[in-house]
Amino acid sequence: MFARLLALALVVVCGPANADAGGDAARGETLFQECKSCHQVGQGAVNRIGPHLNNIFDRSAGASEGFRYSRGFERAASGGLFWTYETLNNFIENPRALVSNTRMSFRGFSDPQDRDDVLAYLRQFSASPSNIPESAPTAAAVDHAVAPEILAIVGDPAYGEYLSGECTSCHQISGVGAGIPSITHWPTDDFVTAMHAYKVGVRAHPVMQMMAGRLSDEEIAALAAYFETIN
Amino acid sequence: MTYNRRAFLGTAAATASLLAAPMVRAQTKPRVVVVGGGAGGATAARYIAKDSGGAIDVTLVEPTRTYYTCFFSNLYLGGFREMQSLGHSYGTLAAQFGVNVVHDWAVAVDRDAKTVALAGGGSLPYDRLILSPGIDFVDGAVPGWDISAQNAMPHAYKAGSQTELLKAQIMAMPQGGTFAMVAPPNPYRCPPGPYERISMVAHLLKQNNPTAKILIADPKESFSKQGLFEEGWNDNYAGMIERIGPDFGGANVAVDPAAMTLSIDGDVMDVDVCNVIPAMKAGRIAELAGITDGNWAPVNAADMSSTMDDSIHVLGDAAAQGDMPKSGFSANSQAKVCANAVRGALTGSTVFPARFANTCWSLIDTDNGVKVGATYEATPEKIAKVDGFVSQTGESDDVRAATYQESIGWYDGIVADMFG
């Protein structure tokens, strides 16, 4: 609590937060499209595949309440990783270089200007509640609308475990991933939505379209249930 | 007899667990022996051990302590991977999953007694035997070549020292020299493999020996991802690669390893490196077990069991299963179906319907990856293709780079799935 007050005070003293980063927040918002399939930010943002990013600046890593972090992140957090402009900049340049075995499958922004701009955008949602725009959260798994009755199917994790053999030829069960994304610990709605998006061709990847193409609604629910609960 | 014995064992196991008598229980656990620790065998051993939670004794017989994956070994030739990065040990399978790993050769199978004889003299009893021995070469397939010539003319189709030898020979070629490949007839391990290898050799020579020539003698009219490879060769290695197909004598070859010559349709030429990839057959233990028909071991698609012995399952390259290509991905996919069925047969666990998939990535040049894949299902006759895709010619650099990155992720994924 004290830390939050302090952070707030610092912002007031320093003026507009995005001036710190020096980046172009509008351009950063466009770049943030790449992050939106996993991360929400803004009013009402919640943890989904990745943690929400409100108040990410000036707090410990791995501290978003209620989010199941990878062991790699837990280690980094207990090792004292603290999010500042510099550490976030390092992280989004190459996530796995800073936090080995993170489930974050993003390769990173190699261009320093891109990182500046994204951080300028994110900076608006940290430590200064008055700066949070009155808008809907950015990411709500909106790439494909799945019928509520499909989302309501409760999957059988035992069947999902068997079916997962088709996934684990590429996706690592440990949640580590580079080149092939991590698919563990996703909220089931996000998992189901993504798989149906491949199934109907809204998402473009040919291997995933093929794999999802022959999965029934129940099988997708089973996989979602298994990968959500796996340790 | 078999049925009675198994029924008796089942009863004894149930009694033993009630009484918690460790000696009896140890003797009554069902036993699975897996021969071959590659993509099929290692995966099957791991999944049976992992999913049975110790209810099945799993023994894996594999001669080498460090297994070098055939997949990605072409990238070693091209300079994109270190050989060390392709080597994997069986330590996790033993320590974390309780697989009894025996480093020995399986030399005979007594199907009546249900035992596997080891070169070191031991004998392993089994309730189910899983053979995943990979490939051997058909004797006399390339006149003038036999396995004793593999140092002069490497096949490099089992990864490790052969791959290192081939690379050393390429690096020692005289400027402007000739690298020749004798490509295999269908069916063989890794359909795009010889042509990815040509790409990687070209990549290596382009840097070190740009006037060198690459010659392929090929008995096949066409080959996997042909349009993609030919486009890539034209774009990146123009004028370097010549392929002689069967119309021009590519099926009529002979070699002389002592003289380092290759004869194509009677024309004898000097070559500096000759990579002979002969016609293939199932690994020898399949033949010794008496479950082969011709060069391969026919299997039932539903559980990968031999059509000649329902206590034996055959995985991967050695199996004649239908439409799947012989690949590490296929073997890994088949192993999971087999593991589920074997577990069900031995412990009564739920057996889910078989489903198979395969994807093969190939690297043409730096950040230029392509892929082909398909899904499959079990029919009464065979493993039958359901749906498939292949990379397109003319794809953007970004797509090709992403495909290559994806292949690296796949490699990490599949070896984690095999070795834990």
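A: Let's start with the residues. In α3(B), the buried ones are B:Gly41, B:Ala42, B:Thr43, B:Ala44, B:Ala45, B:Arg46, B:Tyr47, B:Ile48, B:Ala49 and B:Ser52. "Buried" means that 20 or more other C-beta atoms lie within 10 Å of the residue's own, with C-beta atoms placed from the backbone (12 or fewer would be exposed, and in between is partly exposed). That makes 10 of the 12 residues, so to speak a mostly covered helix.

A quick word on the source: this is a predicted model, where local features need pLDDT of at least 70 and side-chain atom pairs count only at pLDDT 80 or more, while totals for chains, interfaces and linings use all residues. Residues are numbered from 1 along each chain as its sequence is written, and chains are lettered from A and ligands numbered from 1 in the order in which they are written.

What does the covering? The list includes β1 (31-35), β2 (57-61), α5 (91-95), β9 (128-131), α10 (328-347) and α11 (397-419) of chain B. These names come from DSSP runs, numbered from the N terminus: helices are H or I with at least four residues, strands are E with at least two.

Now the helix's length. The expected span is 1.5 Å times one less than the number of residues. For the 12 residues of α3 (residues 41-52) of chain B that gives 16 Å, and the end C-alpha atoms are 16 Å apart, so the two agree. Just after α3(B), B:Gly53 takes a positive phi of about 55°.

Zooming out, chain B has 11 helices and 24 strands. Its radius of gyration is 23 Å, close to the 22 Å from the globule rule for 420 residues, so chain B is as compact as a globular protein of that length. (That radius is taken over C-alpha atoms, and the rule is 2.2 Å times the number of residues to the power 0.38.) The C-alpha atoms of chain B fill a box of roughly 75 × 45 × 40 Å along the principal axes. Across chain B, buried residues make up 51% of the 420.

Chain B also has a neighbour: 24 of its residues are in contact with 20 residues of chain A, where contact means C-beta atoms, placed from the backbone, within 7 Å. On the chain A side, α11(A) gives the most, with five residues.

How values were computed: Two residues are in contact if their C-beta atoms, placed from the backbone, lie within 7 Å.
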